[in-house]
Amino acid sequence: MQEPELHDLSDDADYAASLQQGSASTMITRSDSGRSTSSSVPEGAEIVYSKDNVTIHPSQYASERISGRLKLIKQGSSLFMTWIPLKGQSTNARLSERDRNLYTIRAVSFTDVRSIRRRTPTFGWQYIIVVLSSGLAFPQLYFYNGGVKEFLATIKQHIFIVRSLEDANVFLVNDFQNPLQKTLSSLELPVYIASGPSASVSDGGESSSYELQERIGGSIHDEIHRPSQNPGRQKHKSHDPARDLTIHKGKVLAQTPPDVPHKPSMDAEIVLEPVPSDPLEHSYVGNMIMNIFPDVVQRETQQHISRYKLTEPPLGSEEWATFLDSEGRVMDAKAFKTRIFYGGVEHTIRREVWPFLLGYHAYDSTYAEREYLKSTKKSAYETVRQQWQSISTEQAKRFTKFRERKGLIDKDVVRTDRALPFYDGDDNPNVNILRDILLTYSFYNFDLGYCQGMSDLLSPILFVMEDESESFWCFVALMERLGPNFNRDQNGMHSQLFALSKLVELLDSPLHNYFKQNDCLNYFFCFRWVLIQFKREFEYKKTMRLWEVLWTHYLSEHLHLYVCVAILKRYRNKIIGEHMDFDTLLKFTNELSGHIDLDAILRDAEALCICAGENGAARIPPGTPPSLPIESENALLYAQDDEVL
Amino acid sequence: MSYAYLFKYIIIGDTGVGKSCLLLQFTDKRFQPVHDLTIGVEFGARMITIDNKPIKLQIWDTAGQESFRSITRSYYRGAAGALLVYDITRRETFNHLASWLEDARQHANANMTIMLIGNKSDLAHRRAVSTEEGEQFAKEHGLIFMEASAKTAQNVEEAFIKTAATIYKKIQDGVFDVSNESYGIKVGYGGIPGSSGGRDGASAQAGGCCS
């Protein structure tokens, strides 16, 4: 066992040459216990990628860095990655041999890799973080001479990797140890997703980690469970929760994956590093917490996720202020949306926040710009409103379309949320405003006009905005996305229900088959859910919370469809067990109104969305609302013509 | 709750004619002018007694707006009875009856019993459709007809029960094969004549909202 790598590496002509170039006189020495024997290039293996000057920064001091060579080695159908430090290239004497050895990556098989994150800092070198399926991550590997792209391209040539849906800079490899994977199985997904090879599954744990990381140092202790799956780590001191916190506040756990034999002495090594300032970097640290404890039973895991993610307090005004720069721009829209996704918004600041989520306000707009927008939009609104207000009784007699619309709207506004104090009572001015906005909208978008369900969508907006013109423009922004729900031919609804059927097919094929056999594939029993975004399924407050979560478009524009899947999955056993036919099913889903646990459903929907990953996204045809419609070639031509003219 | 038969009803007609109010008056015996407009479909149920037999009516109250027609059509399947409602104060709701009827004929069972209801009979001073016109339309199309008021409850009970009685008679006459549920009739387990009486509120007089 003594130094087999040394020997093997010396057989590697390429490696040897580089050593000479780097005038390295000494080979890597290692600590002296048993380890993987696969860190070299075995017989019949081929080096498919090799890059020098790939460097690790063990501390925040750029001077303390360890340069090495990153290689991809192909053997048979397997791909391995190695990173071997080059002693001569270390810059600081303080870094001991042991430090270098600690970081050495010995032939890690990509079957043990879950994801690779690529980061391109504004200043400094591009780097990657390799996250193992155990949840542990190697330290950042900085590519001093570039080559990240080639690295990823090479991997892609040999194994199947996919980009994460949430983050284009995350490349997903395997995910077997992912707790969300387990959540997935607890949601009774078909086997081919839950345990199928690579690619079909996205990187759930990572998405959870930022929020999770935020809670480090909080109440996380009691939620940590001891592992049983990983014998190497079981003996590890860090199973003391307090110890774990230390680890996570620090960083860098260069570990071999659990199924690869490794040196106990290395296991015990925790190299502390200052917490990086980039929150995205935190995330893989947080990620570890969940993955260090793989024995948590499925349900518990799911509960963990929920506690980590969905018990965030709503975004309050003080925290909201921290998202804004001095002139009122939202500095980090993604972080802002993430925050709302997991916690919602306090009611008092909804008026400020919703216009951003709805796309009425641009994230990079300033206070002054928004004030200006408000005044110009107010007069624009009044101009459109004037169009119908100026219609005389005489004119109305010869304007059937107008009379019909007005009649319909008049009838519907008095049948919209009248149990709410905001809209109750006779001659309630808010009901009149509701009517004026809807009628004005039916002129603003005359082709779409008015359709039942719109008042349900407008009601909370007016309730929140408490301003006629601002509500109108927020509603306009919402209808940009949901307008197709109200097309006369119902094609917007049909396309969403179709996408929903495809998602159920993917995420619960037995349920899909059941629906198929029972002639329920039209999914009309989810019609109301989709048409008005679950407005009738939850109490008013919860609806607002759900909407702001949906509007973040954080995991998917189509999270609402995953919410549908989540609800159906919750009751799948009842549906199938009681042999519900279409009528019974419709009645059943109708009667779920008021009985759905929003937090639980959001948690499930999130897990389903993450787990479905790109497969899920691929099932949803392009242009399915609320995605903006795909511009047809003609439309583009017209646009160009307009520009020419 | 035991019943001899279960009949599926569907209430159709233009938006705002009072479909939901008729249902509520029938199931809850109250008039609620302020209620949310119907999206998709709502359900109601009540036990009635015909020929001493407890019969459960399961009633589907549909959204009336034109845009939702394609969805509404899927609700006809397996309906034994339909209440086609118009508003006697709004002429256009009467004018649209033919298209509703066409939908019903096309998507429902051919033996579905259809009751035409001219609602809001309490608003006689604003009447835009005469009783005779309603009668005439019903006659032409082979429908049962009644004017009713969900507000005053006038004829509401009668409309639902008369429809049920017609369906029941069709069963007695052997028009339906009751073992085939596509006719909108389910045979229950409590079908022993006279055995269910007032228990469970299972009579026309003591009806309540049940499901």
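Let's start where the two chains meet: in this predicted model, 24 residues of chain A are in contact with 17 residues of chain B. Which helices of chain A each supply at least two residues to that side? They are H18, H24 (527-531) and H28 (582-591). H28(A) gives the largest share, four residues.

The crossing of H18(A) with H19(A) is right-handed. On the H18(A) side you'll find Arg405(A), Lys406(A), Ile409(A), Asp410(A) and Val413(A). H19(A) answers with Val431(A), Leu434(A), Arg435(A), Leu438(A), Leu439(A) and Ser442(A). By class, that contact has six nonpolar, four charged and one polar residue.

Nine strands form an open, antiparallel sheet in the order S4-S3-S2-S1-S7-S6-S5-S9-S8. Why do S4(A), residues 105-109, and S8(A), residues 162-163, each have one side without a neighbour in the sheet? Both stand at the edges with a single partner strand, so nothing in the sheet flanks that side. For S4(A), three bridges join it to S3(A), residues 78-85, and the two run antiparallel. Across that pairing, Trp83(A) stands opposite Ile105(A) of S4(A).

Last stop, folks: helix H4(A), residues 148-158, lies across several strands, including S1, S2 and S3 of chain A, and runs at about 150 degrees to S1(A).

Technical notes:
Residues numbered from 1 in each chain as written. Chains lettered and ligands numbered in written order. Predicted model: local features only at pLDDT ≥ 70, side-chain atom pairs only at ≥ 80, totals over all residues. Left-handed = near helix turned anticlockwise from the far one by under 90°. Contact = placed C-beta atoms within 7 Å. Nonpolar A, V, L, I, M, F, W, Y, C, P; charged D, E, K, R; others polar. Pairing = 2+ DSSP bridges. Axes fitted to C-alpha atoms, helices over the stretch in contact; angles between N-to-C directions.
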